[in-house]
Amino acid sequence: MTETEFDPPPIAAPVAAEAPEAHSPAYFSMPPGNRATDLAAAALVRLRDRILARTYASWPYGQSLRGPMPDHMVFYPRDLRPGRADKADAFFHGRWSLPGGQVKTDGGSPFAAVAPSETWAEELHGFSWLRHFTAAGGDAARTYAQTLIAGWMQQDGNWHDIGWRPQVIGRRLTSWVANGALIIDGSDLIYRSTLLRSMARQARHLARTAALAPAGEPRMTAAIGLAFSGLCLSEGQARLDKGLKLVAREVARQILADGGHVSRNPAAMLQIMLDLISLSEALASRHIETPKPVRDAIDRMMPMLRFFRHGDGRLALFNGANEGPEGAIDAALDYDDADGRPFGFAPHSGYQRLAAGPAYVVADTGPPPPGRYSHAAHAGCLAFEMSAGTKRLIVNCGATRMLGPDWEAASRATAAHSTLVLADTSSARILRGRISRALLGARMMEGPTRVESRRNENDAGIWLEASHNGYEKAFGLVHRRRLFLAASGEELRGEDLLVTAENPRDAYVWERAFWHRPPENPPFTLRFHLHPDARASLAHDGSNVLVLLPNGDGWQFRALSAGAAAPISIEESVYLGSGEASRRAEQIVVTGAVFRGEARVIWALRRLSAKGAGQPKPEDAEVPELPTL
């Protein structure tokens, strides 16, 4: 049910806290994780959870949850996640597509079906899908939703191994009060009394277990659900006070000083932000002051949300994020009184944002998050995404929980990101050992331990230089990437280098000398994944690629290696950014090999005029050098 409480130190803040225009580098380091102490602590927690689960499922414990029954819901808070009537229609016809898999019920209850994964079961028992029935409206949607809830209370209302996890109860209570009009209006007295009694039982259990939820977003969800149960059910003042204290504590632990989430996942930040805004709005409606840590967290997260927002209004795809629910970002930003411009450097989250003219670039310049927050983290260090106007151009493949664990693992690999891949090896690895993964989950391990970045802005444009040592242990090499976005926003230049590590760690030297010798002259691949709406064509001589966007804009890609045109090809890719389905896409691939401990590729993306998009101009034959810093 939970993870170890032995938390690694948080991501280190930059050494120099200077303005975005500063030249001084920012250093990030990842503390060691997944050690024997982590495994031992996780084993103890697992044993504790099994003992507690047996206790919670017993008749005496169930009797301890009896108490005063609320006579009504005091308040129906707003769910800022938009609902979709088409999703409700699919559920009504037995097609239950949720994160973690898809199930066809053939007219039966989804709660009686065999769950394809624990993730799917958590989503089902969390009832966050009720918002789609609210969006659909009508008597049929209300009757069907109330039938499903009545069935759940009869089958799983006393205990369910997954359905009574604290984070699942938290999401369920939040969803039930937010959709209170749907699940209560027009119902009979017996159903209504059973529902309120069940909510009170769940809330009492959650008050005892919310702090035991897994670290990160699940614990925040449990805490917010506890607060909502106290706020929206009569006679819940004690639970409200306890829930708000837990929310304030988790906000301090999880929301970084720049507004990002400790998991470095933009989608996790958005989900938490939507819940916090809804909670704050509900408190204000009840004339209760929102705790200052919660208000401050929302204020910090607003500009960070703009930071990750692409030109199409959806999220950038880093560390397990997808584009986010349609309309969710706008719903959150409606509460932003400042309406300020996003900043360029997120020093605590480890991201850089370059914006000029119609172009927007965001780059991952941080290490993987601490182990217990890294279950969705990706091996995408130094990857970047780029949009031109309202259209995405360069993307990462994204993440999906709909297509199973194999797809999820593939999407976390470095090859699924727009960055350099050395010898088909990811810059960070996911736990794979049966015992360690059973205890610690699919957390990240052996990723970059040192990431450096610095930027400079002047009249010519924005310069970014970054490096990571994710390949130092296996290959003795460091990846450095330099980017320059011209002030016009119509040209992005880049340079990717592999260089021999100057001061390799002693443990790495010992391991390479006696156990693992790195291959000589390993191959590398530079990948630039394109959005599915972009169309790429390779020139006959293979010297450049023309990328056309739906709005008619053309962008030319060229690359040089060792003073000559680098081998360029167009290969198939996949886009998982919607979070629900895969889309065919393409990627620009530049290949090469390390020679005498180093390699260098310079490349450029230039916007062509709409009229001249079909043919590159003669003066574009050379790849421009990057300006000096």
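Mentor: Two strands pair if DSSP finds at least two bridges between them. Strands here are DSSP runs of E with at least two residues, helices are runs of H or I with at least four, and both are numbered from the N terminus. This is a predicted model, so local features need pLDDT of at least 70 and side-chain atom pairs count only at pLDDT 80 or more, while totals for chains, interfaces and linings use all residues. Residues are numbered from 1 along each chain as its sequence is written, and side-chain values use heavy atoms, without hydrogens or water.

Let's settle on β23, which covers residues 598-608. One partner is β15, at residues 491-500: the two run antiparallel, with nine bridges joining them. To find your way along that pairing, look for L498, which sits opposite A599 of β23. Strand β19, at residues 554-561, also runs antiparallel to β23, through eight bridges. Over there, G554 has L608 in β23 as its bridge partner.

Now for the cores. A nonpolar core is a set of buried Ala, Val, Leu, Ile, Met, Phe, Trp, Tyr and Cys residues joined through side-chain atoms within 4.5 Å; buried means under 20% relative accessible area, exposed over 50%, partly exposed in between (1.4 Å probe, protein chains only). The largest one has 92 residues, and W129, W176 and I183 have the most contacts inside it.
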